[in-house]
Amino acid sequence: MVEFGEKLKKLREERGMTQQKIAEKLYVTRQAVSRWECGARYPDLLTAKKIAQILDVSMDELLSEEELKQNVEKEPILSKPIENILQTVLYTIASVAFLLISIFGIYSLFPSETLAKTPAGAVTVREILQVCGFLLNLLAVLAGLLLSIQNKLTAKVVGYIMCLPYVIASLSFFFTYVNTQIKGNGHIAMIGWLTDFVIPLIFALGVLLFFILEEQRFPYAVILLICMISGGYLILVYWNGLMWTTDLGFVVRTVHCLGKMGMVVLLGYQAYIWDQKRKKAVKNL
C-alpha cells in the first residue's frame with residue numbers, strides 16, 4: 001500500500017511543484033510539507049482537503065481509509081491554535097490547584113510539636129493515600145500541560161489522564177476500607193461502596209473507552225453525563241464541608257474543589273472536540 005507521504009511527493013512532482021510552493025499555498029512551512037512526505041506527521045483533515053484541491057485529486061486518491069483514521073488518531077486532540085490555548089490555560093489552572101493541594105497535604109503529614117505525641121497528631125493511612133493521590137494527579141496534569149504546550153496531546157493520552165482521577169478515587173476508597181478492616185475500627189455502608197468505588201471505576205472505564213477506541217465507543221452524551229454528575233457531586237461535597245471547616249480549611253477545600261472541577265471542565269471540553277473530529281472523519285470516509 002502506497003503511503004500518504006509517497007503519494008503526496010509523487011503527485012507534487014508530477015505537477016512540477018516544489019515543497020516550498022505547496023507550503024506557500026497552505027500557509028505552512030516547507031519543513032511541515034517535508035515531514036508529511038517523510039511520513040513523520042500527517043496533516044489535519046482541513047489541510048488534507050486543501051492539498052487534494054491544490055493537486056486536483058480526490059481525498060480518496062490522496063488518503064486511504066486507514067490513513068484517514070490514523071490521521072485523526074495521531075494528530076493533537078486540539079489542533080486549532082485557539083482551542084489549544086484554552087486547553088493549555090485549563091491545564092495550567094488544574095496544575096496550580098493540584099500543586100497547592102499537594103503542598104497542603106504534605107504539610108498536614110507533619111503536625112506541630114504540640115500535637116506530634118498525641119492521638120490527634122497521628123498520621124493515618126487515609127491521609128497518606130490522599131497525598132499520594134494528589135501527587136499522582138499533579139504529575140498527570142503537568143504531563144498534560146507540557147504536551148498541550150508542545151501541541152502533542154493526542155486523544156489516547158487524554159484518555160489516560162482524564163480517567164486517572166476516577167481510578168485514584170476508587171483505589172483510595174478501597175485501601176481505606178482494607179485499613180479499617182485490618183484495624184477493626186470501622187464499617188462502610190453499601191452506599192459508600194457505590195458512590196466512592198463502583199461509580200468512579202465505571203466513569204474511568206467510560207472515559208478511557210471514549211478516547212482510545214477507534215470504531216465503537218461511548219457517545220459524547222455519556223461523557224457529558226459523567227461531567228455533570230462529577231461536577232454536581234464536587235459542588236455538593238464542597239458546600240456541605242464548608243459548615244465544618246476553619247479559615248485554612250476553607251482555602252484548602254476551595255483549592256481542592258477548583259482542581260477537580262478544572263479536570264471535569266477539561267474532560268467535557270476535550271471530549272466535545274474529539275467527538276466533532278471523529279464525526280468529520282467518518283463523513284470523509
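These exercises work through helix packing, a helix face and the nonpolar cores of one structure.

The model is predicted, with local features needing pLDDT of at least 70, side-chain atom pairs pLDDT 80 or more, and totals for chains, interfaces and linings using all residues. Residues are numbered from 1 along each chain, and side-chain values use heavy atoms, without hydrogens and water.

**Exercise 1.** Describe how helix α11 packs on helix α12.

*Solution.* Locate the helices (DSSP runs of H or I, at least four residues, numbered from the N terminus). Helix α11 covers residues 190-212 and helix α12 covers residues 220-241. Next, take the axes (lines fitted to C-alpha atoms over the stretch in contact; angles run from 0 to 180 degrees between N-to-C directions). The angle is about 145°, and the axes are 10 Å apart.

**Exercise 2.** Find where the buried residues of α3 lie around its axis.

*Solution.* Start with burial (under 20% relative accessible area, 1.4 Å probe, protein chains only). In α3, residues 30-38, the buried ones are A32, V33, W36 and E37. They fall within an arc of 135° (from directions between helix axis and C-beta atoms). So they line one face of α3.

**Exercise 3.** Identify the residues that touch the most other members of the largest nonpolar core.

*Solution.* A nonpolar core joins buried Ala, Val, Leu, Ile, Met, Phe, Trp, Tyr and Cys residues through side-chain atoms within 4.5 Å. The largest has 38 residues. Y91, M162, V207, F211, I223 and L267 touch the most other members. Helix α13 gives the largest share, 9 residues.

Note on methods
Helix = DSSP H or I, 4+ residues; strand = E, 2+ residues; numbered from the N terminus. Buried < 20%, exposed > 50% of the residue type's maximum accessible area, 1.4 Å probe, protein only.
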